[in-house]
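Morning, everyone. I'd like to walk you through the pockets in one model, and then one of its helices. Please have a look at it first.

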Amino acid sequence: MKKIIHLVAGGLAMLCIATFWLATALSESFGTDETITAVKTAIPWGLLVLIPALMAAGGSGFALAQGRRGGLLGTKIKRMPWIAANGVLILIPAALFLASKARAGEFDGVFYAVQALELAAGAANIALLGLNMGGGLRMTGRLRRPAR
């Protein structure tokens, strides 16, 4: 059961972050101010799905590890504090700030500076979570190790 929870929660978390990032990039590139506002105000509601999914993925991952810390597992564990810090210190505050600015119609330099930071931090978390997902798939034999 822990494996299923870990797989589903991790996949859901990755899907949420990728959706937030892609919706932001597309709305900023091609959308109107109203579209940007809709996206920016929807993302904090999405956090109500993302945060429990990340907690379930992390908790089930540590339970599956059973105290082991070596190899691919150790590498995955070392990435987790970076993923969490990025989310707690940058992504969540940025999402709330940008939603507030968008609701007020304040698309100024500060909005776009924080937006750029959020996109960069989101891309970093997508990359780190993708690496962890690949490591997990290699550990379970669902993905072969690259030939050397």
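First, a term: the helices here are DSSP runs of at least four residues, numbered from the N terminus. Keep in mind that this is a predicted model.

Let's start with the second largest pocket. Its volume is about 430 Å³. It is lined by 25 residues, and closest to its centre are Leu-50, Leu-54, Gly-87, Leu-91 and Asn-125. Who builds the lining? H1, H2, H3 and H4 each supply at least two residues. H2 gives the most, with nine. By type, the lining has 17 nonpolar, six polar and two charged residues.

Now the largest pocket. Its volume is about 810 Å³. There are 27 lining residues, and His-6, Leu-7, Leu-64, Lys-76 and Gly-136 lie nearest the centre. Two or more lining residues come from each of H1 (2-30), H2 (33-65), H3 (71-103) and H4 (109-139). This lining divides into 15 nonpolar, eight polar and four charged residues.

On to H4. How far apart are its end C-alpha atoms? They are 45 Å apart.

Which residues of H4 are buried? Among them are Phe-111, Val-114, Leu-129 and Asn-132.

One last stop, just after H4: Gly-141 has a positive phi of about 85 degrees.

Terms used:
Residues are numbered from 1 along each chain as its sequence is written. This is a predicted model: local features need pLDDT of at least 70, side-chain atom pairs count only at pLDDT 80 or more; totals for chains, interfaces and linings use all residues. Side-chain values use heavy atoms; hydrogens and water are left out. On a 1 Å grid over the protein atoms alone, a cavity is a set of points where a 1.4 Å probe fits but cannot get out, and a pocket is an open set with protein on both sides within 12 Å along at least five of seven lines; lining residues have an atom within 4 Å of a point. Grid points are joined across faces, edges and corners, and a volume is the space filled by probe spheres set on the points. Ala, Val, Leu, Ile, Met, Phe, Trp, Tyr, Cys and Pro count as nonpolar, Asp, Glu, Lys and Arg as charged, and the others, Gly among them, as polar. The expected span of a helix is 1.5 Å times one less than its number of residues. Buried means under 20% relative accessible area, exposed over 50%, partly exposed in between (1.4 Å probe, protein chains only).
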